[in-house]
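Here is a quick briefing for anyone opening this model for the first time. Take a look at the sequence and the structure, then read on.

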Amino acid sequence: MEPSSLSGLPAGVGEALEAEGVAELYPPQEAAVDAGVVDGESLVAAVPTASGKTLIAELAMLSSVERGGKALYIVPLRALASEKKAEFERWEEFGVTVGVSTGNYDSDGEWLASRDIIVATSEKVDSLIRNGAPWIDDLTCVVSDEVHLVDDSHRGPTLEVTLAKLRKVNPGLQTVALSATVGNADVIAEWLNAELVESDWRPIELHTGVHFGNAINFDDGSQREVPVERGEDQTARLVADALDTEEDGQGGSSLVFVNSRRNAESSARKLGEVTASRLTGDDRDRLRELAEEIRGVSDTDTSEDLADAVEQGSAFHHAGLASEHRSLIEDAFRDRLIKCVSATPTLAAGVNTPARRVIVRDWRRYDGEFGGMQPLDVLEVHQMCGRAGRPGLDPYGEAVLLANSADTREELFERYVWAEAEPVRSKLAAEPALRTHVLATVASGFAATRDGLLSFLDNTLYATQTDDEGRLAAVTDTVLDYLEANGFVERDRDGGSEGLAATGIGHTVSRLYLDPMSAAEILDGLRTVADDGAGAAASPDGADGEFVAADDPAADADAEDPGFTTYTRAGEAETDDADGPAAESADSDDTSPPVTPLGLYHLVSRTPDTYELYLKSGDREEYTEVCYEREAEFLGDVPSEYEDVRFEDWLAALKTGRLLEDWANEVDEDRIAERYGVGPGDIRGKVDTAEWLLRAAETLARDVDGIDGDVVVQVREARKRLEYGVREELLDLAGVRNVGRKRARRLYEAGIESRADLREADKAVVLGALRGRERTAERILENAGREDPSLDGVDPDSSASAAATAGADADGDGDGQASLGDFG
DNA sequence: TAAGAGGGTGTCTAGACAGCATGTC
DNA sequence: CTAGACACCCTCTTA
């Protein structure tokens, strides 16, 4: 079937596809067309990765738009949203407009309503429904990418409920679900009332095999000799083999999947020896440039190690990397510059990064709940293997599992090579999932009674596949009790069917996209403040005294570290607001409660919306001590060290809280990484999450009675300190565009303490503090609103520069070079 | 004498969505 | 209860 023979698409699209090289539709695509995908029919396409699933979706969306409709493409990851957007934008020349909406990126809210195709994550779609986005009921086509993720216990229920809601709002909605090959695609199709297209067909052949001893045995019975010398590394040998086998004039790249971050890093280091000896001079130059770019992203050990590996043509990839790191690696791997990537499963589910050869080194992974190593799911291994074979570059792809014995080889064949992927199972009937979705469903008007709620839930995959009718109802009732007890819903038991309504605060929680349990925890913590405040009024100096005393141990701990500069706090409890807590406590009987940033950071860190940091050996003692030293700062009850099982979790949250406090105290990123055993990606993730939760906390505190107005101010300040990563006194400066935590500190040390100072200060001092960077300084002066930002003929004041240099860690980022030059 | 081999012990373990308002060094 | 890689420390061996 030729694309140009398809009817129902915008004029020129078929021809454009042929110009792209799609002369003939792939068999699964043709099957999708036969099933009516361009005629508005719903469809489940369960086909392997890279076999043209996206085109099926495009055919559905474009034909829907051509009929005057509007399409939504749901992705599981933010990174995929931008990838898909870029892909779909090639249809803009045919008059089809594209927009994206994710948590960190929105192509303009107003505009979104006018877009023909919208790309968004499932959580974002859920949030848009909760907030009543007006265009939701204009949708005529929804595509759900990687729909097998409904199996995920954390995020699957969101996708499931979101699809159910979209279909309820819009009964005629064409639903196209793209899935990996799973055991029960037919059940998904039944749920969505859709046609099923199932196929193992791939445009590029995939050979899956197991390596043991001197050869890879493939599933088609063929064998490839890859002898491994005694003492030689099996993985290294296979990577070398792929690189030495030229196709298209170049050796093949490899993707190695391992089971931990540490393994990914050490594997990349080792494989660097293999790749380094096979680089051209040009490769070497470009890799050196890339390594520099990587070092520029963050000055942590992780970043440095990554850059070192990349210089050798090898890289690692895991969630501890900053997102900039990740995309640099992904792009360079796709451009064939990096020859080998050692990755945790991040890469198996993420953006498209195909390789000639995929090596699944570890097939077991630690599982905390189980308390030991568990074999990976068949589906997961298949997804990894599916990354083998680069369209247009490789004649075939190879996926190789590693065995260290003949027995293991047989086991791997049985378990993965021959095995069919597990069936997908809905995880909706679990309390955490229902807690948030029951509230949202009631709050956004999808159900007004218990019966209505249950009948709505009947439209989910869970209902389609369960044989235990009562379970969902039972968990729903438990959840309703919880929501009622916390004042999020009201129940009217008088009528025939129990009436349900969200309270004001329930609506707010739903719209903020908070887990109700997070909201309850936050409210509880903030309310304690009000209580304590009343108590503290009896001893007026109590609050302030505790605050100062509590701050000392932290300063001491930092001072022990020779490399770290402790900045003294100029004033206590001074805020930019005229009626700050200091002023308030002076003329009021209500002493302001001891709300500290640590207290707030700890509060949001112990909500279920924050992912826990792991307590390492020794951490228990360390944080138990912190717990006693800073007891006065914690909001809400402190569980007993000896009696309460929650104490462990509480300490883990304290560790996270301390990390956040360090960040807000301008501790360097590399220092934090070292102190908490995390990567730059983890730090940014934690800061980001806490920022989001504090913003929600601020809204909650404002919306609810009985929370002191001062608390709102404190929450906002704690949040802003996280956002900029600075101490209180730098908040004003860091708010100026182009001024981050480091520049703000340098300016402050040079005597420029505020935005106003920036407008009035001696330009020589400003320039000196910014290490003689004229263009940067001019931009900053302009952004601060200075009348005449020009720095023509101004010489940097070297004393300002000296002060600034002393105040910052040596970071070797070229800025240091500039200031050294200024002295000569 | 020092480097290195070999063995026992202890430690640690994947991932990443949401709001809101605009831009680090 | 179920694992495995690695760092670390100690001891013994060997050039």
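What follows is a short tour of the protein chain, its sheets and the DNA strands beside it.

This is a predicted model, in which local features need pLDDT of at least 70, side-chain atom pairs count only at pLDDT 80 or more, and totals for chains, interfaces and linings use all residues. Residues are numbered from 1 along each chain as its sequence is written, chains are lettered from A and ligands numbered from 1 in the order in which they are written, and side-chain values use heavy atoms, with hydrogens and water left out.

**The chain as a whole**

- Chain A has 37 helices and 20 strands; helices (H or I, at least four residues) and strands (E, at least two) are DSSP runs, numbered from the N terminus.
- Of the 824 residues in chain A, 55% are buried, where buried means under 20% relative accessible area, exposed over 50%, and partly exposed in between (1.4 Å probe, protein chains only).
- Look at the contacts in chain A with a separation of 6 or more, and 71% of them come from residues 24 or more positions apart; contact here means heavy atoms within 4.5 Å.

**One sheet: S4 to S8**

- One open sheet of 8 strands runs in the order S4-S3-S5-S2-S6-S7-S1-S8, with mixed pairing; two strands pair if DSSP finds at least two bridges between them.
- Its edge strands are S4 (105-106) and S8 (195-198), each of which pairs on one side only.
- Inside this order, S6 and S7 (residues 174-179) pair in the parallel sense over 4 bridges, and Val143 has Val176 in S7 as its bridge partner.
- His148 sits in the loop between strand S6 (141-144) and helix H7 (156-169).
- Is His148 buried or exposed? His148 is buried, because its relative accessible area is 4%.
- Setting aside neighbours within four places in sequence, His148 touches Ser179, Ala180, Val182, Leu379, Gln383 and Val424.

**Another sheet: S11 to S13**

- Another open sheet of 8 strands has the order S11-S10-S9-S18-S15-S12-S14-S13, again with mixed pairing.
- The edges here are S11 (223-225) and S13 (314-317), and each pairs on one side only.
- On average, neighbouring strands of this sheet are turned by 20 degrees against each other, direction ignored; axes are lines fitted to C-alpha atoms, for helices over the stretch in contact, and angles run from 0 to 180 degrees between N-to-C directions.
- S9 (residues 205-212) pairs with S18 (residues 396-402) in the parallel sense over 7 bridges, with Val210 opposite Leu401 in S18.
- Helix H13 (residues 323-334) lies across S12 (254-257), S13 and S14 (340-343), at about 135 degrees to S13.
- Helix H15 (residues 378-385) lies across S9, S12, S15 (357-360) and S18, and runs at about 150 degrees to S15.

**Around DNA strand B**

- How many residues surround DNA strand B? There are 43, and the closest are Ser127, Tyr614, Arg695, Gly740 and Arg741; a residue is near a molecule or strand if one of its heavy atoms lies within 4 Å of it.
- These residues divide into 10 nonpolar, 15 polar and 18 charged, with Ala, Val, Leu, Ile, Met, Phe, Trp, Tyr, Cys and Pro counted as nonpolar, Asp, Glu, Lys and Arg as charged, and the others, Gly among them, as polar.
- H6 (122-130), S16 (364-367), H29 (680-703) and H32 (741-749) each supply at least two residues of this surface.
- Sugar or phosphate accounts for 55% of the atoms of DNA strand B within 4 Å of the protein, and bases for the rest.
- A polar side-chain atom of Ser127 lies 2.4 Å from a phosphate oxygen of DNA strand B, while a backbone N or O atom of Lys742 lies 3.2 Å from a phosphate oxygen.
- Thr689 has a polar side-chain atom 3.3 Å from a base nitrogen of DNA strand B.

**Around DNA strand C**

- A side-chain N or O atom of Arg364 is 2.9 Å from a phosphate oxygen of DNA strand C.
- A polar backbone atom of Phe370 is 2.8 Å from a base oxygen of DNA strand C.

Methods. Polar contact = N/O pair within 3.5 Å; in protein donor to acceptor, adjacent residues only side chain to side chain.
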